[in-house]
Amino acid sequence: MNYQPSVWAIIIFFSFVAFVLLISRFYAKRSQSAKGFYTAGGSVPWVVNGIAFAGDYLSAASFLGICGMIAFYGFDGFLYSIGYLAGWMVALFVVAEPLKRMGKYTFADALDSRFKSKGIKIAAGISTLIVSVFYLIPQMVGAGSLVTPLLGWPHWLGVMLVGAVVIFIVATAGMASTTYVQFLKGALLIIFSCVLVFLVLNKGLFTDEYKTLEVDSASPEAITLADPAYTVEKEWTVGDLLFVAVRFADNEQSVWAYNAQKGLLEETLFITHKADGTELFNGASKEDNKFFQVGNLTDIRGVPDTQTGAIGPFAFLGAIKESTVVRWDKAIVMDDGDKITIYYQHPTSGAEVLQPGQKFPLDTLKNKLNFISLMLALFFGTAALPHILIRYYTVKNPAAARKSTIIAIVSIGFFYLLTLFLGFGSMIGGGLDLTNSNMAAPLLAKNFSIAIFAIISAIAFATVLGTVSGLLVASSGAVVHDLIGSSKQKKLSDKMEVSIGKIAAIVVGGIAIVLGILFKNMNVSFLVGWAFAVAASANLPAIIMVLFWKRTTAKGVIASIIVGLVSAMVIILLSQSTYNDVYHLVGVTAPMPIDNPAIISVPLSFLTLVIVSLLTQKKDAAQEA
Amino acid sequence: MYFFRTNQIEKVGFFMQHENVTEDKKDFAAPYKAKLGLWMFLVYTIVYAGFIVITAFSPETMGLDIGSINLAIFYGLFLIGFAVILALVYNFLCARCEKRMNVEEEEEEAAK
């Protein structure tokens with residue numbers, strides 16, 4: 001799709017960015033000490049910290065990724081909402097208070113509080129850096145996706161802009177400014193998502209139809225059309241599907257899908273990838289805007305050409321269940337050296353869309369294990385994410401850590417309810433850009449008004465800013481306290497700790513910019529699933545066992561982190577999804593049977609910790625004594 | 001604006017200056033809260049596991065009608081609502097215990 005920037009969008013967006021930068025400058029003077037820079041002095045009120053938690057957590061994955069996945073696949077996208085929230089129960093019931101009690105700057109402090117081991121600090125520091133980078137990639141991809149429709153800039157420029165602004169935020173004021181950016185953004189995101197859901201329900205459901213061409217005769221040799229103004233030029237068969245290239249009297253070429261049951265040709269959207277590298281969208285250049293937004297119902301409760309008017313939330317879902325939703329599938333054909341990607345209509349019953357199975361097929365044991373593995377990663381990953389864990393050190397005591405987690409659960413839970421309506425609203429209300437599944441929520445807003453689109457996009461952009469700045473603070477904390485701090489005999493001065501932290505934030509930010517550009521077309525929620533899996537495998541077994549198993553040893557913790565980290569990454573890097581979407585090795589079978597590592601790597605990490613701890617009992621006990 | 005006010009923070013308008021205000025007081029309610037947390041975690045995990053098992057091994061069951069919606073949506077919404085309710089109950093019980101045990105222990109120590 002080609003996106004035209006609007007003046008409104010540009011004004012609102014840059015006002016927002018300017019405000020965020022002002023907050024950073026405001027806090028810069030107050031973040032001179034290491035304690036101030038990394039934990040905002042432990043003085044953040046629990047309500048503010050709770051909403052900031054929501055701001056941290058409701059990242060590009062939640063807002064852009066989940067809404068997009070629901071819009072494209074229905075209920076399967078909502079599984080992420082369920083899993084992401086469930087993870088907070090681990091954080092609240094198991095991790096929040098003990099971690100606050102035992103730690104100071106990073107979660108490695110808590111892990112190491114019993115052992116005083118350099119190895120634990122280094123392993124946890126490396127793990128924090130790797131998980132942060134995995135989590136940074138989707139945030140950057142989301143930022144690039146947003147800037148294109150908002151400002152008309154290319155994806156890479158969007159990623160660079162986010163990188164630059166975030167590095168400024170972190171390098172000037174660290175955790176204090178990050179917290180208030182998160183607070184502001186979390187609150188605005190929830191408020192404006194409510195507004196958008198209200199608009200969706202107020203408009204209700206309505207049907208829409210795409211163009212069709214009547215077929216005069218369809219023999220095995222050729223299709224002829226009833227309207228003589230159209231001429232059939234080519235036909236391509238892909239499995240059971242027949243696609244037809246048609247030329248109109250004005251010389252315009254288009255691609256249609258043959259519906260044998262109805263005796264019609266149905267409109268498609270298509271991208272022609274020319275041999276010389278150029279791309280045509282529906283036969284024209286991107287700027288001609290012929291590649292339109294899609295998403296509609298063909299009937300509501302069996303009645304075509306109708307609408308419901310304003311509708312309640314349950315009635316909204318109930319009506320979708322009894323209607324027919326047009327989803328879009330993809331086929332690829334070759335034509336004289338050009339590759340044509342054809343998006344064709346796939347009418348699906350609403351009941352199917354509201355059930356699991358559209359994104360994650362549950363037909364084979366392998367697919368079932370993949371699904372269980374994903375849900376396991378989401379459940380155990382939250383309480384192991386570095387940028388979430390460091391937020392426990394920004395409040396004054398364990399009770400405040402607990403209360404801020406509860407504020408987070410209430411606000412995040414409420415937001416995830418909204419994702420259901422934002423996603424389905426996009427799916428049936430023309431909010432889909434078939435080339436980018438991350439744009440469903442902003443495009444839904446665009447269907448109502450440019451001003452709302454601009455506000456929602458600016459908030460979504462701030463979402464990315466906030467989450468990325470939290471991750472950079474976590475990364476720089478890991479570098480200074482866990483990696484450098486543990487290797488130096490002499491403690492670094494406060495000023496030096498802050499300076500090195502700022503340099504670390506700039507370097508990690510730079511890496512994130514490069515990766516954000518490389519991973520351009522992947523769904524951000526899917527990518528975040530990987531970050532959760534790595535965090536759950538590397539960090540959570542160590543955290544839980546240190547808290548609840550007295551026989552845990554330093555070597556057990558180190559081994560658990562390394563095994564969890566390495567096994568999760570190996571499975572991800574050798575999975576079919578990575579082969580197809582990252583290495584672009586289509587048709588090559590990957591060595592790993594599953595895409596999501598948690599079902600293997602989490603138990604493996606626990607097991608390693610138990611075995612190594614049991615084997616090193618006496619040695620470590622002697623050391624502790 | 002009670003929630004935004006603490007004794008240790010010097011306010012600058014809505015925002016506040018950041019000094020080291022972390023408390024290191026002993027929490028006598030900690031063992032009770034840890035035990036309660038583990039039990040509530042277990043309860044939620046069982047309900048969450050039920051959702052995963054039904055979805056993975058009997059996805060068609062998730063299509064069963066529950067009022068105007070289906071079991072998949074109902075169970076998903078229930079998991080979100082249940083999480084919020086459990087969190088509030090946990091906080092209530094923890095706060096009650098903190099109030100009782102910490103005050104009692106402090107009074108006992110003061111009496112000694």
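Are B:Y44 and B:F82 buried or exposed? In this predicted model, B:Y44 is buried, and B:F82 is buried as well.

The setting of these two residues is chain B. Chain B holds two helices and four strands. Along the sequence, the elements run β-β-α-β-β-α. Of the 112 residues in chain B, 41% are buried. Contacts in chain B between residues at least 6 apart in sequence were also sorted by separation; 58% of them join residues at least 24 apart.

Aromatic pairing was then counted over all chains. The total is 30 aromatic pairs. One of them is formed by B:Y44 and B:F82, and this pair is stacked. The ring centres lie 5.9 Å apart, with 15 degrees between the planes. An angle under 30 degrees counts as stacked. The pair links distant parts of the chain. B:Y44 belongs to helix α1 (residues 30–57) of chain B, and B:F82 to helix α2 (residues 71–111) of chain B. The two residues are 38 residues apart.

In chain A, ring pairs join a cluster. Its members include A:F53, A:Y57, A:F63, A:W88, A:Y392 and A:F532. Neighbours within four places in sequence aside, A:T405 is in contact with A:F53, A:W88, A:L92, A:A96 and A:Y392. Elsewhere in chain A, a charge sits over a ring: the charged end of A:K446 is 5.2 Å from the centre of the ring of A:F453.

Helix α19 (residues 554–573) of chain A was checked for length. It has 20 residues, so at 1.5 Å a residue it should span 28 Å. The end C-alpha atoms are 29 Å apart, which agrees. The buried residues of α19(A) include A:V557, A:S560, A:I561, A:G564, A:L565, A:A568, A:I571 and A:I572. An α-helix has 3.6 residues a turn, so residues three or four places apart point the same way.

The two chains meet at an interface. Here 60 residues of chain A are in contact with 55 residues of chain B. The size of an interface is often given as the accessible area lost when the parts come together. Chain A and chain B bury about 5,100 Å² between them. Carbon and sulfur atoms carry 74% of that area. Three salt bridges are counted between chain A and chain B. The side chains of A:K321 and B:D65 form a salt bridge, at 2.8 Å from N to O.

Conventions
Residues are numbered from 1 along each chain as its sequence is written. Chains are lettered from A and ligands numbered from 1 in the order in which they are written. This is a predicted model: local features need pLDDT of at least 70, side-chain atom pairs count only at pLDDT 80 or more; totals for chains, interfaces and linings use all residues. Side-chain values use heavy atoms; hydrogens and water are left out. Rings of Phe, Tyr and Trp (its six-membered ring) pair if their centres lie within 6.5 Å; planes under 30 degrees apart count as stacked, over 60 as edge-to-face and the rest as tilted. Buried means under 20% relative accessible area, exposed over 50%, partly exposed in between (1.4 Å probe, protein chains only). A charge sits over a ring if NZ of Lys or CZ of Arg is within 6 Å of the ring centre and within 35 degrees of the ring normal. The expected span of a helix is 1.5 Å times one less than its number of residues. Contact means heavy atoms within 4.5 Å. Buried area is the accessible area (1.4 Å probe) that two parts lose on being put together, summed over both. A salt bridge is a side-chain nitrogen of Lys or Arg within 4 Å of a carboxyl oxygen of Asp or Glu.
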